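Hi,

Here is the structure I promised to pass on.

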Amino acid sequence: VLFSEDAQTIVAVDFLPYNYRAMNLSLWKRDGSFLSNFKKVVSYSQNLQKLVTFEDENQVKFLLNDGRLIKTIQLKNNSETQNFRPYGSFSNNKPVKLSPNGQILAIEISRNIIELWRINGVRLGAIKINKDKEDERFGYHKSLLDDSNLIDFSSDSQNLAVRTDKNTVEIWKLNKKGSLVKTIKTEDAVQSVNFLADSNTIAITTGSHIAKLWQLKDKANKEPKLLQPFLGHRDQITDVSISPNGQLIASASDDNTVKLWQSNGKLLSNFKKHSNKVNSVSFS
């Protein structure tokens with residue numbers, strides 16, 4: 001059971017016994033009045049006003065939380081999608097990801113393609129993901145959207161950052177149509193991408209002990225600017241989390257520590273009590 005972001009709606013989650021990646025949801029108001037039931041839910045907006053369901057592997061439905069249908073999207077049935085089963089994962093990181101404003105959906109229709117759709121049924125475009133043998137050896141052949149660290153919407157839902165290659169992050173603009181606007185190349189393999197709250201700054205961690213912030217420029221011909229690197233870990237950074245206001249950054253590492261930083265790269269706190277590698281960190 002969990003609350004919506006505005007704490008006005010309560011949702012009871014029932015993971016399906018035959019596929020833990022799909023959910024049945026029951027929605028209730030805070031006063032105890034019943035709203036609706038939903039089956040095969042794979043994603044929902046932060047305020048629980050909109051939900052996404054799959055009727056089968058080729059049909060996506062956008063619904064309001066009172067059960068009214070917004071739009072049905074029919075995915076193309078081809079060799080890349082016929083064996084794909086787009087169900088969300090137990091940890092709420094899915095091969096289906098809804099933008100914070102509930103208007104844009106990223107759907108991993110195959111192991112190498114993410115499609116972008118608006119809830120009115122307009123297809124914005126497709127993002128190609130390149131996966132080599134090394135990626136597959138380390139598990140990246142699994143759903144990219146299963147790992148939310150490799151794809152992130154900006155808080156205003158205007159930008160999408162995607163790891164498209166081992167050393168590449170692409171920034172897509174999602175206003176009138178989906179279009180590639182920036183490409184960031186890294187020296188080491190990208191481990192995570194996270195937008196800060198201002199939507200123009202992105203934190204990228206690679207297979208090293210350094211996390212870096214990049215500031216995106218509004219002009220299309222301006223390259224992203226590398227900001228202050230986060231120096232202090234003695235081993236590979238495994239996870240990064242951004243505070244809701246974008247002012248603090250927490251990093252977990254194989255050096256047994258969690259560090260808390262200001263967004264300008266200044267180290268604030270160092271959590272040293274772990275006796276082994278730290279795999280993940282998250283703000284409330």
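D152 touches K97, N159, L160, A161, V193, N194 and F195, leaving aside residues up to four places away in sequence; contact here means heavy atoms within 4.5 Å. Before you read on: this is a predicted model, so local features need pLDDT of at least 70 and side-chain atom pairs count only at pLDDT 80 or more, while totals for chains, interfaces and linings use all residues. Residues are numbered from 1 along each chain as its sequence is written, and side-chain values use heavy atoms, with hydrogens and water left out.

Back to D152, which sits in strand β12 (residues 151-153). Strands are DSSP runs of E with at least two residues, numbered from the N terminus. Is D152 buried or exposed? D152 is buried, meaning under 20% relative accessible area with a 1.4 Å probe, protein chains only. Even so, D152 has no salt bridge, which would take a side-chain nitrogen of Lys or Arg within 4 Å of a carboxyl oxygen of Asp or Glu. The nearest side chain of opposite charge is K97, 4.4 Å away (Lys and Arg count as positive, Asp and Glu as negative; His and the chain ends are not counted). What the side chain of D152 does reach is the backbone nitrogen of F195, at 2.7 Å.

In β14, L160 has W172 as its bridge partner. Strand β13 (residues 159-165) and β14 run antiparallel, joined by 6 bridges; two strands count as paired if DSSP finds at least two bridges between them.

β14 (residues 168-174) is mostly covered, with 6 of its 7 residues buried. β14 also pairs with strand β15 (residues 178-185), again in the antiparallel sense, over 7 bridges. Here 3 residues make the hairpin link, and I171 stands opposite K182 in β15.

Further along, there is an open sheet of 4 strands in the order β20-β21-β22-β23, with antiparallel pairing. Its edge strands, β20 (237-242) and β23 (267-271), each pair on one side only. Inside that sheet, 5 bridges join β21 (residues 248-253) to β22 (residues 258-262), and I249 has W261 as its partner in β22.

If strand pairing is new to you: strands of a sheet pair through backbone hydrogen bonds, either parallel or antiparallel.

Cheers

Notes: Buried < 20%, exposed > 50% of the residue type's maximum accessible area, 1.4 Å probe, protein only. Polar contact = N/O pair within 3.5 Å; in protein donor to acceptor, adjacent residues only side chain to side chain.
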